[in-house]
Amino acid sequence: MNVFIGLINGMIASCTPILLAALGGSLTYYAGIFNIAMEGMMLSGAFFAVLGSYYFQSWPLGILFAILGALLMALIFILFSVVLKVDEFVTGIGLNLFSLGITTYLLRQIFKVKGAFANPDIVPIPRLHIPLIADIPILGRILSGQNLIIYITVLATILTWYLVFKTRFGLRLRAAGYNRTCLDTSGVSANRIRIWSLLICGVLCGLAGTFLSLGYVTLFSENMSAGRGWISLAAVILVSGHPVGIALISLLFGFSDGLGLYLQSVLPSQFTSMVPYVATLIALFVYSVRKRKQAALEIAGG
């Protein structure tokens with residue numbers, strides 16, 4: 001039973017950063033942006049979370065710094081892809097490489113270490129113990145005592161679904177991706193909607209990075225996002241951006257990750273590290289097939 005509970009809790013913890021970033025990716029997906037920069041946004045958020053928590057001895061400021069760090073990456077993406085009309089794929093690849101380089105550089109310049117920085121002065125995000133629920137057999141050990149960011153993630157999933165499908169902004173968001181010309185002619189700027197989708201994505205990726213460095217562990221290591229942004233992209237593409245589908249896919253990825261940790265004594269760790277890239281390749285293949293079918297239908301309809 002302890003193994004089962006440990007596996008479930010491991011699945012929840014593993015899927016949290018993937019789900020948060022993917023929820024942000026769903027907004028950009030509906031806005032018609034192929035956003036592969038979530039990896040860089042998440043990594044920047046993880047670094048600045050540690051920076052804020054360490055220097056100010058405060059986990060709320062760590063969260064704030066993480067969001068600001070990820071928003072900086074989002075603003076760069078907006079500048080190149082929305083304002084300057086640079087190819088989104090090229091912009092995303094460049095931003096991911098830039099984030100990896102700048103966080104590695106700052107780690108060595110600010111903290112004077114290579115590889116990873118861990119210190120007792122880094123204040124982690126606390127766990128929430130919910131009265132009454134904590135006393136429920138088995139379920140209490142799963143529903144209570146989780147990291148604060150995990151509960152925020154559940155709320156973010158519900159709010160993202162509501163935002164996309166039940167609000168005027170969500171209608172305009174989907175219109176920006178479906179037919180931006182019609183949206184522009186209606187008097188609503190499609191670029192403004194796209195910018196807002198990227199900014200919200202930056203906030204969610206910042207929270208994902210915060211969980212990595214102040215929730216999952218309490219440290220920052222070079223390239224600690226380790227492909228999670230790519231898995232988030234895969235989750236978005238596989239379910240066409242639907243928040244509920246993203247949650248289910250993220251749980252599946254989290255389960256495989258948690259199971260991989262338990263099976264490391266049997267299987268080489270290299271097999272589990274292949275998952276992000278294999279999943280991304282499959283998702284990109286699915287995405288390309290859908291694009292070709294869509295283009296063929298447009299040609300047939302025209």
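The residues lining the largest cavity split into 6 nonpolar, 3 polar and no charged. That is my starting point. Keep in mind that this is a predicted model.

Searching the whole structure turns up 1 cavity of 30 Å³ or more. The largest cavity holds about 60 Å³ of space. Who lines it? The lining is Gly-25, Thr-28, Tyr-29, Ile-33, Phe-34, Asn-35, Met-38, Leu-233 and Val-236. Two elements give two or more residues each to that lining: helix 1, residues 2-30, and helix 10, residues 228-238. Helix 1 gives the most, with 3 residues.

Now the salt bridges. The structure has 2 of them.

Take Glu-88 and Arg-194. Their closest N and O atoms are 3.2 Å apart. Glu-88 sits in helix 4, residues 88-110, and Arg-194 in helix 9, residues 190-216, so this pair ties together parts 106 residues apart in sequence. Are these two buried or exposed? Both Glu-88 and Arg-194 are buried.

On to the other pair. Arg-108 and Glu-222 meet through their side chains in a salt bridge, at 3.1 Å from N to O. Arg-108 is in helix 4, while Glu-222 is in the loop between strand 4 (220-221) and helix 10, so the pair links parts 114 residues apart in sequence.

To look at on screen: the cavity lining, including Tyr-29 and Leu-233, then the salt bridge of Glu-88 with Arg-194, then that of Arg-108 with Glu-222.

Definitions and conventions
Residues numbered from 1 in each chain as written. Predicted model: local features only at pLDDT ≥ 70, side-chain atom pairs only at ≥ 80, totals over all residues. Heavy atoms only, no water. 1 Å grid on protein atoms, 1.4 Å probe; cavity = no way out; pocket = protein on both sides within 12 Å on 5 of 7 lines; lining within 4 Å. Points joined across faces, edges and corners; volume = space filled by probe spheres on them. Helix = DSSP H or I, 4+ residues; strand = E, 2+ residues; numbered from the N terminus. Nonpolar A, V, L, I, M, F, W, Y, C, P; charged D, E, K, R; others polar. Salt bridge = Lys/Arg side-chain N within 4 Å of Asp/Glu carboxyl O. Buried < 20%, exposed > 50% of the residue type's maximum accessible area, 1.4 Å probe, protein only.
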